Amino acid sequence: MLPSVGIVKVLRQSLAEFPIRGLVVDPVMVSTSGDVLAGPSILTVFRYARFFCSNVPRQLMFNAQLFKNPPPERMSVASQNINVLVKGGDLPDSSDAIDIFFDGDTILELRSSRIKTRNTHGTGCTLASCIAAELAKGSSMLQAVKVHASKRLAANAMPRSQKQNTEAAKCFIESALDFSRDIVIGNGPQGPFDPLLRLKRNARNSSGTHGFDPSDLFLYAVTDSRMNKRWGRSITEAVKAAIEGGATIIQLREKNIETLNFLEAAKSCLEICRSHGVPLLINDRIDVALACDADGVHVGQSDMPAHVVRSLLGPEKIIGVSCKTPEQAEQAWIDGANYLGCGGVFPTNTKANNLTIGLDGLKAVCLASKLPVVAIGGIDATNAGSVLEINAPKLKGVAVVSTLFDRECVLTETRNLHSVLMEATSRVR
Ligand SMILES: Cc1ncc(COP(=O)(O)OP(=O)(O)O)c(N)n1
Ligand SMILES: Cc1nc(C(=O)O)sc1CCOP(=O)(O)O
Ligand SMILES: [Mg+2]
């Protein structure tokens, strides 16, 4: 943000001391909320740029000042070899995001599907920075903005670790936006997107652990050793079958078990989960989660407070909190939780004296929550559809215990529930 002609001139003098071959300018002139951050006179000194990157409202000012009424001493864009990218991401009501690229000679339309998210704060600055980085790596102007479709097709066949190298600025922004679409930070009309999210994910995945993806809550399997013992299987066998049947996240909820046995079971379940890319959380026992380096924990209202858990586990681990009211949901968000477990939606025999809040109680929490929610309590294949049909955007899935583990075949039951959830999801969308 260069708010005055004087500041631009100082910057220009400083840059003149270096052998700079290109300058990318992203004029921060009007904020998203409409405040003018730099006056139109600033445009008179931007002609030193090699690449001009602007969104539509800023571009209108640019046009008005530089093209429509050019003072005689000012050169045209073409004769200065300036490239212009006009970004259409701010245009409302369009299913596509359309940018216009102009190299002083040819105009190109760069069209991609719009990613629906409120987390767009910071995309403009990141795009301009990416273009600068691509130019520094030797790309042409157009390549810096958008990689050729043929190159992108070839990239699909590449191993994950090499894929990023083929991504020019627009592709990078699109994938970062996609990865950040469900981040919840702050209350403003726009949330920040995280340009490093994808990098962090890749780094974590390569070390075997997971970042939190709310879609992981889709089919949440919660173990119960009494039930598994009754059917003659170990915790590990139960977890393996649930994952093979389509469980998307596992919680070890092993009450009345010796700590040593719990830790051993957690370690072997973690191995299975990691090999399938499924996160593993530990119920109640922060010590066990830390000892086995689980992906996170789930705590209730009378367990260790979530903010203390967060300070013990650090920023990367997943923390879920049980909530029955909007007030508890708000507190969980303040405490730094990643998701809410909300129930009991229906009566259950698995947890003694559990208050049933019904579908209405679930909906009230979902509508108030800033965090993704998973429904729990008495859910099975016959009523899971009605849970998803409350159609609350924050509701991401269902968590179940007896429906999977108090049955003879965990694999069959998980597959069955998975297909019920898939059908319900396609109805709700
Ligand atoms: C996903 C999920 N939601 C809620 C709970 C219940 O946690 P809590 O209230 O702490 O009760 P216990 O499970 O510890 O008996 C959960 N475990 N998982
Ligand atoms: C562990 C748990 N927590 C609940 C809550 O309401 O917070 S209900 C519940 C038990 C869920 O078991 P089932 O799927 O067998 O009904
Ligand atoms: Mg608990």
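**Salt bridges and ligand sites**

Q: Why are Glu244 and Lys240 separated by about one helical turn?
A: Glu244 and Lys240 are separated by about one helical turn because they are four residues apart in helix H10, residues 235–245. Helices (H or I, at least four residues) and strands (E, at least two) are DSSP runs, numbered from the N terminus.

Q: Before we continue, what kind of model is this, and what limits apply?
A: This is a predicted model, in which local features need pLDDT of at least 70 and side-chain atom pairs count only at pLDDT 80 or more, while totals for chains, interfaces and linings use all residues. Residues are numbered from 1 along each chain as its sequence is written, chains are lettered from A and ligands numbered from 1 in the order in which they are written, and side-chain values use heavy atoms, with hydrogens and water left out.

Q: Back to that pair: what do Glu244 and Lys240 form, and how far apart are the closest N and O atoms?
A: Glu244 and Lys240 form a salt bridge, with the closest N and O atoms 3.4 Å apart. A salt bridge here is a side-chain nitrogen of Lys or Arg within 4 Å of a carboxyl oxygen of Asp or Glu.

Q: How many salt bridges does the structure hold?
A: The structure holds 11 salt bridges. One of them joins the side chains of Lys255 and Asp284, at 2.6 Å from N to O. Lys255 lies in the loop between strand E7 (249–252) and helix H11 (259–276), and Asp284 in the loop between E8 and H12, so this pair ties together parts that are 29 residues apart in sequence.

Q: And what is the distance between Glu389 and Arg427?
A: The closest N and O atoms of the Glu389 and Arg427 salt bridge are 2.6 Å apart. Glu389 is in the loop between helix H16 (384–388) and strand E13 (395–400), whereas Arg427 is in helix H18 (residues 410–428), so parts 38 residues apart in sequence are tied together. Glu389 counts as partly exposed, at 41% relative accessibility.

Q: Now ligand 1. How many residues surround it?
A: Ligand 1 is surrounded by 15 residues, the closest being Arg253, Lys255, Asp303, Ser322 and Lys351. A residue is near a molecule if one of its heavy atoms lies within 4 Å of it. By class, this shell has four nonpolar, six polar and five charged residues. Ala, Val, Leu, Ile, Met, Phe, Trp, Tyr, Cys and Pro count as nonpolar, Asp, Glu, Lys and Arg as charged, and the others, Gly among them, as polar.

Q: Which strands contribute to the shell around ligand 1?
A: Strand E9 (296–299) and strand E12 (373–376) each supply at least two residues of the shell.

Q: What about polar contacts there?
A: The side chain of Asp303 has an N or O atom 2.8 Å from an oxygen atom of ligand 1, and for the side chain of Lys351 the corresponding distance is 2.7 Å. A polar side-chain atom of Asn283 lies 3.1 Å from a nitrogen atom of ligand 1. The protein buries 89% of the 420 Å² that ligand 1 exposes when taken alone. Polar contacts are pairs of N or O atoms within 3.5 Å, and accessible areas come from the Shrake-Rupley method with a 1.4 Å probe.

Q: Finally, which residues are closest to ligand 2?
A: Of the 14 residues that surround ligand 2, the closest are Gly344, Thr348, Thr350, Gly378 and Ser402. Oxygen atoms of ligand 2 lie 2.9 Å from a polar side-chain atom of Asn354 and 2.9 Å from a backbone N or O atom of Val401. The protein covers 95% of the 420 Å² of accessible area that ligand 2 has on its own.

Conventions
Polar contact = N/O pair within 3.5 Å; in protein donor to acceptor, adjacent residues only side chain to side chain. Buried < 20%, exposed > 50% of the residue type's maximum accessible area, 1.4 Å probe, protein only.
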